[in-house]
Amino acid sequence: MKAKGLTRRWFLAAVATAPLLWYFAKAFAAALDPTPACANGVETPEQTPGPFFKPRSPERRSLREAGVQGTPIVLEGIVRSTRCQPVAGALVDFWQADASGHYDNEGYRLRGHQFTDADGKYRLETIVPGLYPGRTRHFHVRVQAPHRSLLTTQLYFPGEPENRRDGIFNPKLLLDLSEAGGRTGRFDFVVDA
Ligand code: FE
């Protein structure tokens, strides 16, 4: 009788805990995978371009030109189609604030575009953008597969305190940051292609 009661109690405890365990397992998986995998045809979320986009940025893979100071960072990743295929020749156009939170609206400092290679890869050498009032730390980017629609979005830094207060921030757009061999932020885009 005693043993039976104990089993029943264990069973009820297990039933009560299962949803909680499932929740934590999901949260843990999400924490491990800040860049959502290409699945279910889901495109990278769109975001506002903000007021500082300028067309005709120079084609280049490094924005670290003379006079640009700040913490170096490399952004890299793959542009994929909604069917998860790498997209070669996709436009990837970045613009960002300098280390003190200012955009260059006269020239093209910290602005540049490139095209993905045969494996759909992009790589940009730049600096960590500074904060400016009302926004958390972010990069602006436009991505476009050849002859397809344009995706405008932004990329964010994990662990940034201002993420919680920024109404535009989207956790699906967090960079996968690594410090091994220099600071690197990874993000794979999924676009109409
Ligand atoms: Fe901005």
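**Core, metal site and salt bridges**

Let me begin with Val79, which, once residues up to four places away in sequence are set aside, touches Gln85, Pro86, Val87, Ala90, Val92, Thr116, Gly120, Tyr122, Val143, Phe189 and Val191. Please bear in mind that this is a predicted model.

Val79 belongs to the largest nonpolar core, which has 29 residues. Those that touch the most other members are Leu75, Val79, Phe94, Tyr122, Val143, Leu155 and Phe189. Which elements give two or more residues to this core? They are the strands β1 (72-81), β2 (91-95), β4, β5, β6 (150-156) and β9 (189-191). As a general remark, nonpolar side chains in soluble globular proteins tend to be buried together.

I turn now to the metal. Four residues coordinate the iron ion: Tyr103 and Tyr132 through OH, and His138 and His140 through NE2, at 2.0 to 2.1 Å. Along the chain, these donors follow the spacing Y-x28-Y-x5-H-x1-H. Two of the residues, Tyr132 and His138, are buried. Why is the site of the iron ion irregular? The angles among its four donor atoms run from 91 to 155°, and the site is not counted as tetrahedral because that would require all angles to lie between 85 and 135 degrees; nor is it square planar, because opposite donors would have to be over 155 degrees apart.

The loop between β4 (121-127) and β5 (138-144) contains Thr136. Is Thr136 buried or exposed? With a relative accessible area of 1%, Thr136 is buried. Beyond its neighbours within four places in sequence, Thr136 is in contact with Leu131, Tyr156, Glu160, Glu162, Asn163, Asp166 and Phe169.

Finally, the salt bridges, of which the structure holds 10. One of them pairs Arg64 with Glu125, with 3.8 Å between the closest N and O atoms. This pair links distant parts of the chain, 61 residues apart: Arg64 lies in the loop between α1 (2-32) and β1, and Glu125 in strand β4. Both partners are partly exposed, Arg64 at 33% relative accessible area and Glu125 at 26%.

Another salt bridge joins Glu179 to Arg183, the closest N and O atoms being 3.2 Å apart. Here Glu179 counts as exposed, at 51% relative accessibility, whereas Arg183 is partly exposed at 29%. Returning to Arg64 and Glu125, salt bridges that share partners join them with Glu76 and Arg123 into one network.

Note on methods:
Residues are numbered from 1 along each chain as its sequence is written. This is a predicted model: local features need pLDDT of at least 70, side-chain atom pairs count only at pLDDT 80 or more; totals for chains, interfaces and linings use all residues. Side-chain values use heavy atoms; hydrogens and water are left out. Donors are N, O and S atoms within 2.8 Å of the metal (3.2 Å for Na, K and Ca); water is not among the atoms, so sites may look incomplete. Four donors count as tetrahedral if all angles lie between 85 and 135 degrees; four count as square planar and six as octahedral if opposite donors are over 155 degrees apart and all others between 65 and 115; anything else is irregular. Buried means under 20% relative accessible area, exposed over 50%, partly exposed in between (1.4 Å probe, protein chains only). Helices (H or I, at least four residues) and strands (E, at least two) are DSSP runs, numbered from the N terminus. Contact means heavy atoms within 4.5 Å. A nonpolar core is a set of buried Ala, Val, Leu, Ile, Met, Phe, Trp, Tyr and Cys residues joined through side-chain atoms within 4.5 Å. A salt bridge is a side-chain nitrogen of Lys or Arg within 4 Å of a carboxyl oxygen of Asp or Glu.
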